[in-house]
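Student: Could we go through this structure together, term by term, with each word set against its definition?

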There are 2 protein chains.
Amino acid sequence: MRIVLDAMGGDYAPEVTIHGGVWAARDFGLEIQFVGQAGVIQAELKKHNTAGLTLPIIPASEVIDMEDHNPAGAVKTKPDSSMVVGLQALRRGETDAFVTAGHSGGALAAALLHLGRIRGIKRPAIATVYPNVSERGFCFLLDIGANADCKPEYLYQFALMGGTYAEQVLGIPKPRVAIVSNAEEEGKGNMLVQNTLPLLRNGPFNFVGNVEGKDIPAGLADVVVTDGFTGNVILKVSEGVARMLLDSIKAEIKARPLAMAGAALATPAFKAVGSMLDYREYGGGVLLGVDGVVIIAHGRSDAYAVRNAIRAAHRAVESDIIGAIKSGLDSAS
Amino acid sequence: MRIVLDAMGGDYAPEVTIHGGVWAARDFGLEIQFVGQAGVIQAELKKHNTAGLTLPIIPASEVIDMEDHNPAGAVKTKPDSSMVVGLQALRRGETDAFVTAGHSGGALAAALLHLGRIRGIKRPAIATVYPNVSERGFCFLLDIGANADCKPEYLYQFALMGGTYAEQVLGIPKPRVAIVSNAEEEGKGNMLVQNTLPLLRNGPFNFVGNVEGKDIPAGLADVVVTDGFTGNVILKVSEGVARMLLDSIKAEIKARPLAMAGAALATPAFKAVGSMLDYREYGGGVLLGVDGVVIIAHGRSDAYAVRNAIRAAHRAVESDIIGAIKSGLDSAS
């Protein structure tokens, strides 16, 4: 399997992306195609032991970065950027998947332009694994930001794609699909939720109804569907609350000498919980609905996170997620 | 000052509401008017030392409770309910404020029908104090559920009312008002946010722009404005994440014998943090935009939470929040 990695995308690129790419090539036996500025990539690769690995370089002279306030525009003005060149390679079938830790808005725009949507999909969504208290430890949340304003049909398709991904790639049998609302009762919700409910009830998936915000970490659903505005707020509020609580516990413990002694003993417990805050394990977001496997890792990804984003791409290709979504669409229509 | 308390509203009514009412009467030197079934209230009052307190009963034979799936309807079919009778007393000027731990949808509907909106206010909002890492320890979040679908003018008025309440009642000088969005940049956001921004920029308050979800617990704004759907999701997700993290830390500690010894020493630290989860301190939600002081405490309120809800009503009346909102509206128009 070949996976193209955007060597230039991410806050700590190219150093950590290339490190992560080499790591993944070794661990998963993959061909990693580094797309970006060839000289830069060659220099970085020299720092690693690449014996026995297949690590070709796909040259691309430009970079879409955080300075590009209009990523959709940058995709057009930078035709030789690593994102555009990498996605074009995917479209031409010269690779099996595309992974980037670059600007998510840029990746979305570039994928729409150069890869295109799966036939019948109205809007792609960005999905991510979200921690919960279930034995599995996570659910699958979408959309987390591709579409700030949604229509009922979009949410219906998110449920379809999310359910397929959860089952095929994440290995959740008969995943429970739910929609985020402001109350458990079906009568409530905003207009979007109320208009989406009839579609979801008739969908070819295990729809379990509304979930409230508190039900998501409580593990009441496996696939949590919402618009990209609300999904983004859910993700960011969760991050903020977790940080606030962990920082507060640390501050409180520091303020109490006896507790401090205790905390030293409890350190492994904190670490285990802190890892729930750590999206590195899950390999970033998945762009669902475009005609190819595209993984958008967190901009702050380190080498381990990049490695895991590649693992996510690997699994998605292995389970033929694109084919599964296409047949899911066919059987639903 | 006289405050009417819905003796029948709340999961643990009438026992804890009456306990909370007596407590508040004693602590704050208030006349508490118990509205509800007279026999029930009298029997409960006998359990307390009420010497020297003024605790009249306003009889009301019916109760709007969690069984009423259509609270707006119940408000009409139960004209002698404690909520309706209490709010009518407020409208007639026979009391200074109304406090309930009953069904929030019922309280909203009853207040709209029997108290009415402040002239010029398009929609009332439910607001609450939300914990953050600032020295003050909280911000003020609205709407948390009165209006699942909003228009830009509603959000503008929420900013106006929330800013006034934060300054006059919560004592925050020049509160920083912000709107929730899915990105920090001003260009982003859903249509509602984008259409509201021009209004907010010209408002007579200290508007500081967009906040992302993670910025709310991080304390980047004092008044956080959003629609009632998103506000509800923010509140409930925060509750769920906090519970998940505290439970996980406890479970992790239990699984590690050494950490367990440490945790025993750290218990006060956990308690201090757990109290952040505890909305009892803050006295519940405030219904802003109706023509009188209405406090909607959490349905699960215990006596202490009811006492604090009455304290919130007390402060709101003392600072003449209704008058302040009216003059704020006049100067803004």
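Tutor: Let us begin with two strands: strand 1 (residues 2-6) of chain A runs parallel to strand 2 (residues 31-36) of chain A, and five bridges join them. This is a predicted model, in which local features need pLDDT of at least 70 and side-chain atom pairs count only at pLDDT 80 or more, while totals for chains, interfaces and linings use all residues. Residues are numbered from 1 along each chain as its sequence is written, and chains are lettered from A and ligands numbered from 1 in the order in which they are written.

Student: Which strands of chain A are called edge strands?

Tutor: The open sheet of chain A has 11 strands in the order 3-2-1-4-11-10-5-6-9-7-8, with mixed pairing. Strand 3 (57-59) and strand 8 (206-211) of chain A are its edge strands, since each pairs on one side only. From one strand to the next, the twist averages 25 degrees.

Student: Why are helix 1 of chain A and helix 10 of chain A called oblique to each other?

Tutor: Helix 1 (residues 15-28) of chain A packs against helix 10 of chain A at an angle of about 50 degrees, and their axes are 7 Å apart. Axes are lines fitted to C-alpha atoms, for helices over the stretch in contact, and angles run from 0 to 180 degrees between N-to-C directions. Angles under 35 degrees count as roughly parallel, over 145 as roughly antiparallel, 65 to 115 as roughly perpendicular and the rest as oblique; helix 1 and helix 10 of chain A are therefore oblique.

Student: Which residues of helix 1 of chain A meet helix 10 of chain A?

Tutor: Among them are Val16(A), Trp23(A) and Phe28(A), while helix 10 of chain A contributes residues including Ile310(A) and His314(A); contact here requires that C-beta atoms, placed from the backbone, lie within 7 Å.

Student: How is chain A divided into domains?

Tutor: Domain 1 covers 1-121 + 289-324 and domain 2 covers 125-279, with bounds from an automatic or database domain assignment. The centres of these two domains of chain A, taken over C-alpha atoms, are separated by 26 Å.

Methods
Helix = DSSP H or I, 4+ residues; strand = E, 2+ residues; numbered from the N terminus. Contact = placed C-beta atoms within 7 Å. Pairing = 2+ DSSP bridges.
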